[in-house]
Structure formats: C-alpha cells, structure tokens
Amino acid sequence: MRTNVLLIANTNLLELNGLRNAATNSFINTATVLATLQDAKGIDVVGQTWPFTLDYLPGTDGCYQAFLDADLTLDKTKTYTLTVVVQGDALDAKWTQQIKAKQRN
C-alpha cells in the first residue's frame with residue numbers, strides 16, 4: 001500500500017500496486033480487494049462504509065485504488081490500522097498497516 005499518512009478533511013487516495021501471485025510471479029488483475037480503517041480500539045472510523053472495495057485499474061499490472069471520503073473522523077494525535085483483504089486467483093491474503101492522520105498545512 002502506498003498510504004502512510006491520511007490528510008484530515010481531505011479525499012485520500014488508497015492504492016495497492018503490483019499485486020502478484022507469489023507462486024507464479026504473475027500479476028493479479030481479477031481479485032477482490034477490500035479495505036477497512038479502524039482506530040486503536042478496533043472500531044471502524046466514522047465517515048465511510050467499511051469494508052470498501054478497491055477497484056482494479058484497467059490496463060495496469062495488478063494495480064487497485066479507491067478514494068477515502070473527506071468526511072472521515074480522524075484525529076492527528078491517533079494512529080489508525082488499515083486492514084486489506086485480497087481474494088481471488090486462488091489467492092487469499094490479509095495484512096495490516098499503521099497509518100497516522102495529519103492536518104494539511
């Protein structure tokens with residue numbers, strides 16, 4: 001994932017680039033990619049329906065993206081957990097990433 005910081009009160013782009021099957025090294029362009037953003041207590045962040053789908057970008061090699069709503073209730077003093085689940089092409093994967101929120105200057 002290319003997202004390390006979420007900008008408060010901004011539309012944020014969430015991208016997954018170059019999704020591959022580790023066994024065959026081939027790009028996966030037909031997966032279902034879902035994401036959820038939660039606070040430190042495991043509660044879904046208010047302002048978007050979770051999980052939401054990242055769409056495949058036609059003509060790319062395993063690239064998926066979606067926009068996070070500007071209405072997300074984010075606090076610059078907190079860290080959030082982004083969970084991504086991938087299903088498809090005989091592949092199931094799940095990972096988490098810590099993300100900070102900050103105010104755009």
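A: Let's start with Asn12. Leaving aside neighbours within four places in sequence, Asn12 is in contact with Val5, Leu6, Leu7, Ala66, Phe67 and Leu68. Keep in mind that this is a predicted model.

Q: Which strand is Asn12 found in?
A: Asn12 belongs to strand β2.

Q: Is Asn12 buried or exposed?
A: Buried. Its relative accessibility is 7%, and the cut-off for buried is under 20%.

Q: What does the side chain of Asn12 have close to its polar atoms?
A: Two backbone atoms. The backbone nitrogen of Leu7 lies 3.0 Å from a polar atom of the Asn12 side chain. The backbone oxygen of Asn10 lies 2.9 Å from a polar atom of that side chain.

Q: Zooming out. How many helices and strands does the protein chain have?
A: Zero helices and seven strands. Along the sequence the pattern reads β-β-β-β-β-β-β.

Q: And how compact is the protein chain for its length?
A: It is as compact as a globular protein of that length, because its radius of gyration is 14 Å, close to the 13 Å that the globule rule gives for 105 residues. The C-alpha atoms fill a box of roughly 40 × 25 × 20 Å along the principal axes.

Q: What is the strand order in the sheet?
A: β1-β7-β6-β3-β4-β5-β2. The sheet is open, with mixed pairing.

Q: Which strands stand at the edges?
A: β1 (5-7) and β2 (12-16). Each has a single partner strand, so one side of each lacks a neighbour in the sheet. The twist averages 35 degrees from one strand to the next.

Q: How do β6 and β7 pair?
A: Antiparallel, over ten bridges. β6 covers residues 79-88 and β7 covers residues 91-102.

Q: Switching to Leu54. Where does it lie?
A: In strand β4, residues 52-56. Leu54 is buried, with a relative accessible area of 2%. Its C-alpha atom is separated by 9.7 Å from that of Ala31, which is 23 residues away along the chain.

Q: How much of the protein chain is buried overall?
A: Buried residues make up 38% of the 105.

Q: What about contacts between residues 24 or more positions apart?
A: They account for 57% of the contacts with a separation of 6 or more.

Q: Last one. What is the accessible surface of the protein chain?
A: About 6100 Å², with 48% belonging to carbon and sulfur atoms.

Technical notes
Residues are numbered from 1 along each chain as its sequence is written. This is a predicted model: local features need pLDDT of at least 70, side-chain atom pairs count only at pLDDT 80 or more; totals for chains, interfaces and linings use all residues. Side-chain values use heavy atoms; hydrogens and water are left out. Helices (H or I, at least four residues) and strands (E, at least two) are DSSP runs, numbered from the N terminus. Buried means under 20% relative accessible area, exposed over 50%, partly exposed in between (1.4 Å probe, protein chains only). Two strands pair if DSSP finds at least two bridges between them. Axes are lines fitted to C-alpha atoms, for helices over the stretch in contact, and angles run from 0 to 180 degrees between N-to-C directions. The radius of gyration is taken over C-alpha atoms; the globule rule is 2.2 Å times the number of residues to the power 0.38. Contact means heavy atoms within 4.5 Å. Accessible areas come from the Shrake-Rupley method with a 1.4 Å probe; for residues, only the protein chains shown count as cover. A polar contact is a pair of N or O atoms within 3.5 Å; within protein, one must be able to donate a hydrogen and the other to accept it, and residues adjacent in sequence count only if both atoms are side-chain atoms.
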